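Subject: Two-chain model, handover and notes

Dear colleague,

Here is the structure I promised to pass on. My notes follow below it.

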Amino acid sequence: MSPTVYSPPVATYTALATITLAGSASDVTFSSIPATYRDLILVATGKSTSGLQDQGINFNADGTNTNYDCVIMWGNGSTYNSTTSTWLIDYYGSVTTDNTAATILQIMDYSATDKHKTYLSRSNRAASGVDAIAGRWSNTAAITSIKYFLIGGTLAAGTTVSLYGIEA
Amino acid sequence: MPIKSLSQSSLLNFEKYSSMLAGNTKVSYGAYDLLQTEVLTSAQAEITFNSLNTYATAGYQHFQIRAMIRTTRNANNSNYYVRFNGDTGANYAQHYMRGNGSAMESANLQTSGTQGVYVYQGATSATSGTGTYAASVIDILDPFNTNKYTTIKVLTGFTGSISRVLLESGLWMNTNAITSITFDEYFGANFAEDTRISLYGLKAA
């Protein structure tokens with residue numbers, strides 16, 4: 001097989017939705033995501049109402065954490081290591097009451113129904129550290145909704161989460 | 001075909017156009033465009049994107065590769081080469097840092113490799129677990145600049161029977177503009193069915 005060549009090229013990296021919280025909320029959820037694209041990119045600049053909080057992700061309202069697994073590598077300025085978890089998308093790139101954390105999540109082949117869903121996350125918080133994560137949702141269903149939340153806290157006003165679609 | 005009236009005011013409305021697209025929506029392909037994609041319907045040893053020099057004249061500055069890769073190798077992970085312009089000279093160098101769930105490490109993988117930059121542990125394989133594919137996002141910077149060696153950066157990872165996340169760098173020590181990119185399974189196995197590799201172009205301002 002040879003690759004499909006798009007002529008003319010197809011403009012993509014399409015903005016699908018952006019949510020900025022006006023008040024506190026338990027989560028930000030994108031629903032009715034069309035299967036039109038191949039990958040999704042979620043960009044989050046989250047804030048918590050209290051203290052440092054890690055960010056998590058659920059797909060299609062699947063809240064069973066054993067259906068998710070991820071591997072993390074992190075550095076905090078004095079040491080570094082690797083660990084595993086479930087639906088985390090940051091480690092030292094956790095959010096707090098200020099606006100200094102940023103996370104970009106690449107959700108690959110989200111509309112394919114022959115693969116588990118693999119995602120790659122890069123997250124930073126300058127005062128805490130930096131991390132990279134590879135994760136998987138053990139399900140072949142196309143992703144139609146994404147819930148972004150804090151593992152042990154509440155999202156604060158000013159949290160902004162954007163979703164983009166990438167064709168392939 | 002009926003002839004419609006043509007009035008002086010419709011011709012002389014004082015608007016000037018510098019394009020034959022006058023009155024029509026301007027064509028724009030955006031700043032981030034899908035250029036080529038391969039989704040395998042059966043196992044295959046190699047995938048090549050050709051005629052990439054045409055994208056230089058179209059105004060593209062950088063490339064991005066987005067991939068979901070599994071191989072037929074009888075193991076729980078694999079690597080794949082990224083080879084530019086078919087070059088098999090000793091012109092490739094690279095480093096990586098990796099987390100495996102319990103420790104982190106970094107190493108120099110090659111300083112004068114001959115087959116390409118290889119994306120270390122950038123693929124799942126036959127014993128990785130059903131439905132698991134490794135994800136990679138690869139940025140290829142300034143592929144048409146003939147004053148620079150070509151640099152790539154990679155974020156890749158997967159979970160399954162083993163789990164890995166890696167940041168990798170790569171260098172093609174050649175100043176030629178890129179005309180082709182070939183992906184090859186490192187151990188001589190095939191890319192498995194449903195493997196997907198897509199090429200995107202980022203426009204210059």
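Which residues touch the most other members of the largest nonpolar core? They are L42(A), I72(A), I133(A) and A135(B), in a core of 86 residues. A nonpolar core here is a set of buried Ala, Val, Leu, Ile, Met, Phe, Trp, Tyr and Cys residues joined through C-beta atoms within 7 Å. A residue is buried if 20 or more other C-beta atoms lie within 10 Å of its own, exposed if 12 or fewer, and partly exposed in between, with C-beta atoms placed from the backbone.

Please note that this is a predicted model, in which local features need pLDDT of at least 70, side-chain atom pairs count only at pLDDT 80 or more, and totals for chains, interfaces and linings use all residues. Residues are numbered from 1 along each chain as its sequence is written, while chains are lettered from A and ligands numbered from 1 in the order in which they are written.

Chain A

Chain A has zero helices and twelve strands. Helices (H or I, at least four residues) and strands (E, at least two) are DSSP runs, numbered from the N terminus. Of the 168 residues in chain A, 48% are buried. Its C-alpha trace spans about 50 × 35 × 30 Å along the principal axes.

An open sheet of eight strands in chain A has the order β2-β12-β4-β8-β9-β10-β6-β7, with antiparallel pairing. Its edges are β2 (14-20) and β7 (80-85) of chain A; each has a single partner strand, so one side of each is left without a neighbour in the sheet. On average, neighbouring strands of this sheet are turned by 15 degrees against each other, direction ignored. For such angles, axes are lines fitted to C-alpha atoms (for helices over the stretch in contact), and angles run from 0 to 180 degrees between N-to-C directions.

Within chain A, β9 (residues 117-125) and β10 (residues 129-137) pair in the antiparallel sense over nine bridges. Two strands count as paired if DSSP finds at least two bridges between them. S123(A) has D131(A) in β10(A) as its bridge partner.

I133(A), one of the core residues named above, has contacts in both chains: leaving aside neighbours within four places in sequence, they are C70(A), V71(A), I72(A), L88(A), I89(A), S121(A) and V165(B). Contact means that the C-beta atoms of two residues, placed from the backbone, lie within 7 Å. Of the contacts in chain A with a separation of 6 or more, 77% are between residues 24 or more positions apart.

Chain B

Chain B has two helices and twelve strands, in the pattern α-β-β-α-β-β-β-β-β-β-β-β-β-β along the sequence. Buried residues are 40% of its 205 residues. Residues 24 or more positions apart make up 78% of the contacts in chain B with a separation of 6 or more.

How is strand β4 (residues 78-84) of chain B covered, and what does it pair with? Five of the seven residues of β4(B) are buried, so to speak mostly covered. Four bridges join β4(B) to β7 (residues 117-123) of chain B, and the two run antiparallel; S78(B) has A123(B) as its bridge partner there. β4(B) also pairs with β11 (residues 181-185) of chain B in the antiparallel sense, over five bridges, and in β11(B) the bridge partner of V82(B) is F183(B).

Strand β6 (residues 104-113) of chain B is hardly covered, with one buried residue among its ten. β6(B) pairs with β5(B) in the antiparallel sense over seven bridges, and A107(B) in β6(B) stands opposite Y96(B). The hairpin of β5(B) and β6(B) has four residues between the strands, and G101(B) takes a positive phi near 100 degrees there.

Where the chains meet

The interface joins 42 residues of chain B to 41 residues of chain A by contact. On the side of chain B that touches chain A, β1(B) gives the most, with seven residues. β1 (residues 4-11) of chain A pairs with β1(B) in the antiparallel sense over four bridges, and Q36(B) in β1(B) is the bridge partner of V5(A).

Regards
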